[in-house]
Amino acid sequence: MGLGGCIILIALGAILTFATDWHMQGVNLDLVGIILMAVGLIGVATFSGIARRRRVVVPPTPVVEEEHHHHHHVRDGYSDGYGV
């Protein structure tokens, strides 16, 4: 049961507890609604705790600039291979 299921349980429990006036023989709907809300809240707390532990914080990688060795060719008239 994910976070959505827990929220649905809380909503159904609140509807049964606060928004209905049904009376069923042998069933206390207010108590059923409170139990559903409690189970939903426990589920939300458990889900958020698991999600918080799963989140891995990766430290930022330092930027290392590599030294590039540039060979500058000097154009002195002899660099074309025909000179000394």
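This is a predicted model: local features need pLDDT of at least 70, side-chain atom pairs count only at pLDDT 80 or more; totals for chains, interfaces and linings use all residues.
Local features require pLDDT of at least 70, side-chain atom pairs count only at pLDDT 80 or more, and totals for chains, interfaces and linings use all residues. Residues are numbered from 1 along each chain as its sequence is written, and side-chain values use heavy atoms, without hydrogens and water.

The protein chain contains 2 helices and 0 strands; these are DSSP runs numbered from the N terminus (helices H or I, at least four residues; strands E, at least two). Buried residues (under 20% relative accessible area; exposed, over 50%; partly exposed, in between; 1.4 Å probe, protein chains only) account for 14% of the 84 residues. The chain exposes about 7,700 Å², by the Shrake-Rupley method with a 1.4 Å probe. Carbon and sulfur atoms supply 64% of that area.

Helix α1 spans residues 3–19. Its 17 residues reach 23 Å from first C-alpha to last, close to the expected 24 Å, taken as 1.5 Å times one less than the number of residues. C6, L9, G13, L16 and T17 are buried in α1. The buried residues fall within an arc of 95° seen down the axis, so they line one face of the helix; the arc uses directions from the helix axis to the C-beta atoms. I8, F18 and A19 are exposed on the other side of α1. Helix α2 is among the elements covering the buried residues of α1.

Helix α2 comprises residues 29–54 and includes F47. F47 is partly exposed, at 36% relative accessible area.

Notes:
Contact means heavy atoms within 4.5 Å.
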